[in-house]
Amino acid sequence: MSLSLSALPTRAARWSATHPWRAIGAWLAFVVIAVGLAATVSTNEVDDADYRVGESGRAEAAIERAGLDDPPTENVLVRARSGELDAAAAQDAAREVSERMRGADGVAAVGDAVPSADGTALLVPVELTADDVDAAPLLDATAAVQAAHPDLVVAQAGDVTIDEAIDERVGEDLHSAEFISLPITLVLMLLAFGALIAAGLPVLLAATSVAATIGISAPISWLVPAESTVLSMVVLIGMAVGVDYSLFYLKRERQERAAGRTTLDAVAIAAQTSGHAIVVSGAAVIAALAGLFVLTDVTFNSLATGAILVVAVAVLGSITVLPALLVKLGRWVDRPRIPLLWRLTRRVRTGTISGRVLGPVVRHPVAALVVSAIGIGALAVPAFTMKTHQASIETLPADIPAVQTLREITHAFPAEGTAAQVVVTGAEPDSARSALERLAEEAGRRDFTTDGAAVRTSEDGGTAVIDLALPYEESDDRATEAIERLREDVLPAALADLGAGASWAVGGGAAESLDYAEKQSERMPYLLGFVLLLTMVMMVLAFRSVLLGLVSTVLNLASVGVAFGLLAVVFQHGVGEELLDFTSPGFVIDWIPIFVLVVLVGLSMDYHVFVLSRIRELVDTGLPARDAVHRGIADTAGVIASAAAVMVSVFAIFATLSMMEMKMMGVGLSAAILIDATVIRLVVLPAVLVLLGERAWPRRASRTPTEVRAMPEPVLVR
C-alpha cells in the first residue's frame with residue numbers, strides 16, 4: 001500500500017507538471033461539467049418515510065396506509081396580553097380568525113375554538129389541504145385579527161409556519177457562515193504565505209472542489225437520497241480539507257524552491273512527500289467517514305456520501321491541477337507580496353517557535369505525558385454523563401415567532417405537545433375500539449393525559465388508532481419511561497384479547513426518539529470499531545509500524561473523548577450559555593456526537609499523517625528516532641498550525657449561528673481540533689514517540705532523499 005500510495009501522487013504530479021495546460025483544462029472542464037449536472041439533473045431528496053425506525057416507524061407506516069395520519073394543521077392561539085383573559089373578547093377574536101381562515105387559500109376546514117384547561121387561552125385549529133400550502137395568507141389573516149384586538153395576543157404556529165421559519169433561518173445561517181468563512185480563510189492563508197497568489201490557491205482549490213462535489217451530488221442522489229443538510233456539510237468539510245491539502249503541498253514546494261531547487265524539481269519533491277501524505281490522509285478521512293454507513297441511517301448515508309465525494313475531489317485536485325498551477329506560476333506564486341507579512345514569514349525560520357515548545361517535551365517525556373493526560377482526562381470525563389435526544393421544540397431558536405407561539409400552545413394545551421400514538425391492525429373493528437378505550441382508561445391512571453382521547457378507525461375497519469397525550473416535554477426522561485411502560489406492561493394487558501391475528505405498535509415523537517436512541521446504542525460499537533480499526537490498519541500499512549497504528553488509535557480516542565466532554569459541559573450543563581447566546585436544552589442532539597466523531601477522526605488524521613510522514617523521512621535517512629521526532633514535528637508545526645487555524649475558524653463560525661445543531665457541531669469540532677492540534681499533537685504525540693524510540697520506526701533501506709537534505713534546519717532546543 002505504501003509503495004502504491006507513493007507512486008500515485010508522484011506520477012500524477014509529474015504528468016501535470018509536464019502537461020500543465022492539459023491538467024488545468026481538464027480540471028476546469030471537470031468542474032464546469034459537474035456544475036452543469038446540478039443545473040440539469042434534479043436532486044432526489046430523502047422522503048419522510050425514509051426516517052422511520054423500529055416500532056414507531058411501523059406505527060407511522062400503518063397509520064399512513066390506513067389514511068389515518070393527521071392532516072397538516074395550523075393553530076391560532078388567543079390569550080390575554082396581560083392579566084386575566086377576557087372571555088368575550090377572546091371569543092370574538094376566535095370567530096374573526098375562523099371567518100378569515102375559511103376564506104384563505106389552502107384551508108380545508110376550521111375547527112371550533114377550544115379553551116385551555118385553566119381558561120387562560122383559546123385555540124383555533126385550522127386544517128390545511130396540503131403540507132406545501134403558502135403560509136403567507138394565513139399569517140396575514142392572523143395579523144389582521146391581532147391588529148383589531150390589541151389587548152389580546154393572537155399568534156399562529158403549525159406544520160407549515162414552523163417548517164418555513166426553520167428553512168428560512170437555516171438558509172440565513174448558512175449564507176452567513178459561507179460569507180464569513182471565505183474571507184477569514186483567505187486572511188489566514190495570507191498570514192501563512194505573505195503573498196496573495198499563494199494565499200488564494202488553497203482557497204480556489206477548495207472552492208472549486210466544493211462546487212464540483214455539489215454538482216456531482218445531484219445524479220448521485222438517485223443512488224443515495226440527499227438529506228437537506230448535506231450541502232452545508234459538503235461546504236464545511238470541503239473548505240477544511242481542500243485548504244489543508246493545498247497548504248501542505250504548497251508549503252513544501254516553497255521550502256524546496258527556497259533551498260535552491262527548480263520549480264519542476266520542487267513540485268516533484270513535494271509530490272513524493274506531501275503528495276503522498278495527502279493521499280494517505282485522504283484515504284484515512286474517507287475510511288472514517290465510511291463508518292457512517294454502518295449506522296444504516298438515511299441521514300448519515302447522505303452525509304457520508306457527500307463528505308466522501310468532496311474529500312476525494314479535493315485529493316484529486318491537490319495532486320493534479322495544483323502541481324500544474326505551481327509549474328505555470330513558478331516564482332510568481334509568491335506575488336504580489338504583502339510587505340510586512342512577507343518579511344515576517346521569511347524571517348521566522350522553520351521550527352523556531354515549535355522547537356522551543358518541544359524542547360521540554362523531548363527532555364521530559366514522562367512528565368509531559370502525565371500532565372497532558374490529566375488535562376485531557378479532565379475534559380473527557382463529562383462525556384460519560386452525556387445525554388442525547390432528538391432535536392425538538394426545545395432546540396429551536398426562541399427568537400423565531402412561530403417557535404415562541406408553539407411553546408405557548410404546548411404549555412397551555414398539553415395534547416398538542418408530546419403524545420403516543422397507539423395503532424392496532426388486523427383486529428375486528430369493535431374489539432379494537434373497545435380495547436383501545438380500555439387502554440386509554442388505564443393509561444390515564446398512569447402517565448398519560450387522556451381527556452378528549454378518541455379512537456379513529458380506517459374506512460375498511462382494519463386499523464384503529466388513539467392518541468395519548470403526555471404531560472412531559474419530549475426530552476424528559478419521564479416521557480421515555482412512560483413509553484417503555486406502555487409498550488411493556490400496559491399494552492400487552494389491555495390488548496391481550498384481540499386475537500392472534502392482531503398486532504399493535506406505539507408511535508409518536510417520544511417513541512421515535514426512544515427507537516432512534518436504541519438503534520444508535522446498538523450500532524455505535526460497530527461504528528467506533530469500524531472507524532478506529534480501519535484507520536489503525538491504514539496507519540500500519542502506510543508506515544509499516546503496528547505501534548504507530550496503536551498510537552494513532554489512542555490519540556483519536558482522546559480527541560473524541562475531549563469533544564464529547566465539551567459537548568456535555570456546554571450544551572447539557574449550560575456552561576457558556578450567555579457567551580454563545582443559547583438556552584441549554586439539557587441534552588445533546590443525538591446525531592451530533594456521531595457526526596463529530598467521524599469528522600474529528602478524519603480531519604485530525606490530516607495533520608497526523610503529515611507529521612508522521614515527515615518523521616518517517618528523517619528516520620529513513622538514519623537520523624536517531626529521538627532527533628527525528630523533534631525535528632519532524634518542528635518542521636511541520638507551522639503548517640499544522642495554519643491548517644488547524646483554518647479548521648477552527650471555519651467551525652467556530654458555525655458556533656455563532658442560531659440553529660442549535662449548527663452551534664453544537666461548531667463548538668464540538670472547533671474546540672476539539674484546537675486541543676488536538678496543540679496539546680495532543682505537540683505534547684502527547686512527541687512524548688509517546690520519544691518514549692517508544694526506535695521501536696516505533698522499523699528501519700527500511702536508507703534512501704537519503706535529496707528533499708530531506710534540502711529542507712532548512714529547524715531551531716532545536718536541547
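This report looks at one helix pair and several salt bridges in a predicted model.

Residues are numbered from 1 along each chain as its sequence is written, and side-chain values use heavy atoms, without hydrogens and water. Local features need pLDDT of at least 70, side-chain atom pairs count only at pLDDT 80 or more, and totals for chains, interfaces and linings use all residues.

**Two helices**

Helices here are DSSP runs (H or I) of at least four residues, strands are E runs of at least two, and both are numbered from the N terminus. Helix α8 (residues 230-258) packs against helix α9 (residues 263-290) at about 155°, with axes 8 Å apart. Axes are lines fitted to C-alpha atoms over the stretch in contact, and angles run from 0 to 180 degrees between N-to-C directions. The two helices are therefore roughly antiparallel (over 145 degrees).

**Salt bridges**

Side chains of opposite charge can pair when their charged atoms come close. A salt bridge is a side-chain nitrogen of Lys or Arg within 4 Å of a carboxyl oxygen of Asp or Glu. The whole structure holds 25 of them.

| Pair | N to O distance |
|---|---|
| Asp-70 and Arg-456 | 3.3 Å |
| Asp-477 and Lys-387 | 3.2 Å |
| Arg-487 and Asp-515 | 2.8 Å |

Buried means under 20% relative accessible area, exposed over 50%, and partly exposed in between (1.4 Å probe, protein chains only). Asp-70 is partly exposed at 48%, and Arg-456 is partly exposed at 25%. Arg-487 is buried at 15%. Asp-515 is buried at 6%.

Note on methods
Angles under 35 degrees count as roughly parallel, over 145 as roughly antiparallel, 65 to 115 as roughly perpendicular and the rest as oblique.
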